[in-house]
Amino acid sequence: RATASNAFNRPDRLSAALRERLLVLAEEIGYAGPDPRAAGLRRGRVGAIGVILADRLTYAFSEPAALQILDGIAEAVSTADIALLLLAGDGSGGGPAPSRVTAAAVDGFVSYCLGRDDPALAALERRRLPAVVVDQSPGQAIAAVDLDEEGGVRALAEHLLDLGHRRFGIVTLSCGDTPR
């Protein structure tokens, strides 16, 4: 059993001829190699990060800010050979069903734009896995990456006032159930 495992997982521990013989035999009997779920149980990690979105999956591929967030996450995990599992809401403005968050086979989560009271966020906290929230109010035990929106708007208004402008218009977007 250990020799077969080495043929797939640690080929440097076998001679090239022995490894080739084992791989040919595995092919003949239809064995594709070790079950990744079993390997994940043995290692204590599955090699995937769950990304929780506050809208439908199509939102992740069409909304410019969501695209940039996903691109940044993908860039960060790609060098570590970690996969992404996208958990999206149903389009009602909330995240995925809590049962989907609870059942996700992941090593940690990144949550993007969920509302403070979203049940998916509560399910994430109950999992007690490493987690980061992006552009949302974090829970007490969750790390956050957020913008200083109030400070940024203040600096913008002061700059416009310094330029002599006295009338302003504001265009906002919504993110989950949090008005912007």
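Is Asn 6 buried or exposed? At 11% relative accessibility, Asn 6 counts as buried, where buried stands for under 20% relative accessible area, exposed for over 50% and partly exposed for what lies in between, computed with a 1.4 Å probe on protein chains only. The place of Asn 6 is in helix H1, residues 2–9, and, leaving aside its neighbours within four places in sequence, Asn 6 is in contact (heavy atoms within 4.5 Å) with Pro 11, Arg 13 and Leu 14.

The model is predicted, so that local features need pLDDT of at least 70 and side-chain atom pairs count only at pLDDT 80 or more, while totals for chains, interfaces and linings use all residues. Residues are numbered from 1 along each chain as its sequence is written, and side-chain values use heavy atoms, with hydrogens and water left out.

## Overall fold

The secondary structure of the protein chain comes to eight helices and five strands, these being DSSP runs numbered from the N terminus, with helices (H or I) of at least four residues and strands (E) of at least two. Along the sequence the elements follow the pattern α-α-α-β-α-α-β-α-β-α-β-β-α. The radius of gyration of the protein chain is 23 Å, well over the 16 Å that the globule rule gives for 180 residues, so the chain is more spread out than a compact globule; the radius is taken over C-alpha atoms, and the rule is 2.2 Å times the number of residues to the power 0.38. Along the principal axes, the C-alpha atoms fill a box of roughly 80 × 35 × 30 Å. Of the 180 residues, 29% count as buried, and among contacts with a separation of 6 or more, 49% come from residues 24 or more positions apart.

## Salt bridges

The structure holds two salt bridges, each being a side-chain nitrogen of Lys or Arg within 4 Å of a carboxyl oxygen of Asp or Glu.

| Pair | Closest N and O atoms |
|---|---|
| Arg 45 and Asp 107 | 3.8 Å |
| Glu 150 and Arg 154 | 3.0 Å |

The salt bridge of Arg 45 with Asp 107 links distant parts of the chain, 62 residues apart, with Arg 45 in the loop between helix H3 (36–43) and strand E1 (48–53) and Asp 107 in the loop between helix H6 (98–103) and strand E3 (108–112). Arg 45 is partly exposed at 39% relative accessibility, and Asp 107 is partly exposed with a relative accessible area of 21%. In the other pair, Glu 150 and Arg 154 are four residues apart in helix H8 (residues 149–162), and are therefore separated by about one helical turn. Glu 150 is exposed, with a relative accessible area of 58%, whereas Arg 154, at 44%, counts as partly exposed.

## Second largest pocket

The second largest pocket has a volume of about 260 Å³. Of the 10 residues that line this pocket, the closest to its centre are Glu 149, Val 153, Leu 156, Ile 170 and Thr 172. A pocket is here an open set of points on a 1 Å grid over the protein atoms alone, where a 1.4 Å probe fits, with protein on both sides within 12 Å along at least five of seven lines, and lining residues have an atom within 4 Å of a point. Grid points are joined across faces, edges and corners, and the volume is the space filled by probe spheres set on the points. The lining divides into six nonpolar, two polar and two charged residues, with Ala, Val, Leu, Ile, Met, Phe, Trp, Tyr, Cys and Pro counted as nonpolar, Asp, Glu, Lys and Arg as charged, and the others, Gly among them, as polar.

## Loop residues and a helix position

Most residues other than glycine have a negative phi. Asp 81, although not a glycine, has a positive phi of about 55 degrees; Asp 81 is found in the loop between H5 and strand E2 (83–87) and counts as exposed at 68% relative accessibility. Arg 128 also has a positive phi of about 55 degrees without being a glycine, and its place is in the loop between helix H7 (119–127) and strand E4 (131–134), where Arg 128 is exposed with a relative accessible area of 75%.

Phe 61 lies in the loop between helix H4 (57–60) and helix H5 (64–78) and counts as exposed at 54% relative accessibility. Leaving aside its neighbours within four places in sequence, Phe 61 is in contact with Leu 67 and Leu 86. Ala 74 lies in helix H5 and, at 30% relative accessibility, counts as partly exposed.
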